[in-house]
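Keep the structure open and follow along.

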Amino acid sequence: MKSSFWKNYSNIILLLIGIFIGSLVGIFAPDFVTYLKPIGDIFLNLLFVTVIPLVFFAIVSAISGIEQQNQLGKIIGTMALTFLSFILISATFCIIMVYFFPTETPKNISETISENLQNNANINDQIVGFFTVSEFYHLFSRQNMLALLVFSFLVGISIRKSGEKGKVFQNFILSGNEVMKQLLLLIMKVAPIGLGAYFAYQVGTIGPQLFGFYAKPLGLYYVAGTIYFIVFFSLYAFIWKSGNGVKAFWKESLLPTATAISTCSSLATMPVAIEAAKRMGVPASIANVVIPIGTTIHKNGSSISSIIKIYVAFQLLGWNFFEPMNLIMALGITVFVSAVAGGIPNGGYIGEMLMISVYKIPPDVVPAVIIIGTLVDPLATVLNSVGNILASMIVSKFVKTKAV
């Protein structure tokens, strides 16, 4: 049992230890922190150069590996709409929460965070730059993530259309995906050291007030996530079968919730979630499709944390998060984050760290979103896992199948 607990929570525990030690260094030896910052920079640079090819391999392998399931067309279509609706609802709810409960940025934060990147291109050039680049090698820059995603998607489709002739290239993609996953896992083993060094630098230059800055968005996530679980999940169950649906949900959701908390893994919770959905009355033909797929591409908890982290990044830079275009882009980023988080190791926060590059955010804020993403993981796993049960309920309401 102890070894299982350590396996599930070692990343969070080690990161907290790294942050704690880094904080002590920043408080009691502020003159020393300038020597630690290069360690944090080395970690971030390794992270950047690894996740870019990983995203390419992951997206191409996912698209090229999709099987033809025409007989499941109605279930798949309804499921996709349900997933998208849930993600946008949870993200919008979080936007409302951060609007009414804002986080104040430390006054001297601007002295330690890079200046806002200037972009003098007109709106037409910006639109073109979002989706394409003029040279192939530009695709593999973290500043051109949307263009890389579009290209990866098209490559995946092209592999499928190539049939047998494309099998060799597909095998290369699958192999590359696995290699880059292992490389990322290897680099993340030193995350407590790299982020601890970066945190020491931030505490040493900004001061202890930094703890309050991190504490509020973390507290807001747990409050917002708990409210979302109680209110919105109950509402979805009510839409499914009114009062009986709510009773069935609260009766059968405790075991999946406890499993998600104890394992901190949506994948480990999936079998329990499927059985819980069946006991609630969801047809097996729907639960067996919606919940496994949802484990990979439907994540309410990641949706909420995505908004929180983009908001925190904007606060660190002194940017206005609530401008309409910024909000629209945040929703688009959140949809993508929820879709890829299950396919990439540590994707719950690595994917979001990548996506904030759409805003041309300097790398100085990346440690903040990584730290927040790791510390909210237990509740995020609960929202991700149990949210799939609710999605299967809604799909079963609109798609009539046999109950067995």
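How far does helix α16 reach from its first C-alpha to its last? The model is predicted, so local features need pLDDT of at least 70, side-chain atom pairs count only at pLDDT 80 or more, and totals for chains, interfaces and linings use all residues. Residues are numbered from 1 along each chain as its sequence is written, and side-chain values use heavy atoms, with hydrogens and water left out.

Helix α16 spans residues 377-398 and reaches 32 Å. That is close to the 32 Å expected for its 22 residues at 1.5 Å a residue. The expected span is 1.5 Å times one less than the number of residues. Helices here are DSSP runs of H or I, at least four residues, numbered from the N terminus; strands are runs of E, at least two. Of the 22 residues in α16, 19 are buried. Buried means under 20% relative accessible area, exposed over 50%, and partly exposed in between, with a 1.4 Å probe and protein chains only.

Next, the annotated segments. The unreviewed UniProt entry carries the annotation "transmembrane region" for several stretches, among them 42-63, 183-201 and 365-391. Such annotations may be inferred rather than shown by experiment. Residues 42-63 are 100% helix, with end C-alpha atoms 32 Å apart. Residues 183-201 are 89% helix and 0% strand, and their ends lie 26 Å apart.

Now the packing. A nonpolar core is a set of buried Ala, Val, Leu, Ile, Met, Phe, Trp, Tyr and Cys residues joined through side-chain atoms within 4.5 Å. The largest one has 114 residues. Helix α8 (residues 209-252) gives the largest share, 15 residues. F233, L390 and M393 are among the residues with the most contacts inside this core. F233 touches residues including F249, L383, V386 and L390 (contact: heavy atoms within 4.5 Å). Apart from this core lies another, of five residues, among them V33 and Y201.

Last, the rings. Phe, Tyr and Trp rings (for Trp, the six-membered one) pair if their centres lie within 6.5 Å; planes under 30 degrees apart count as stacked, over 60 as edge-to-face and the rest as tilted. The whole structure has 28 aromatic pairs. F136 and F140 are edge-to-face, 5.7 Å centre to centre, with 65° between the planes. F136 counts as exposed because its relative accessibility is 53%. F140 is partly exposed, at 34%. F314 and W319 have planes at 90°, so this pair is edge-to-face too. F314 is buried, at 1%.

Definitions and conventions: Lists of a residue's contacts leave out its neighbours within four places in sequence.
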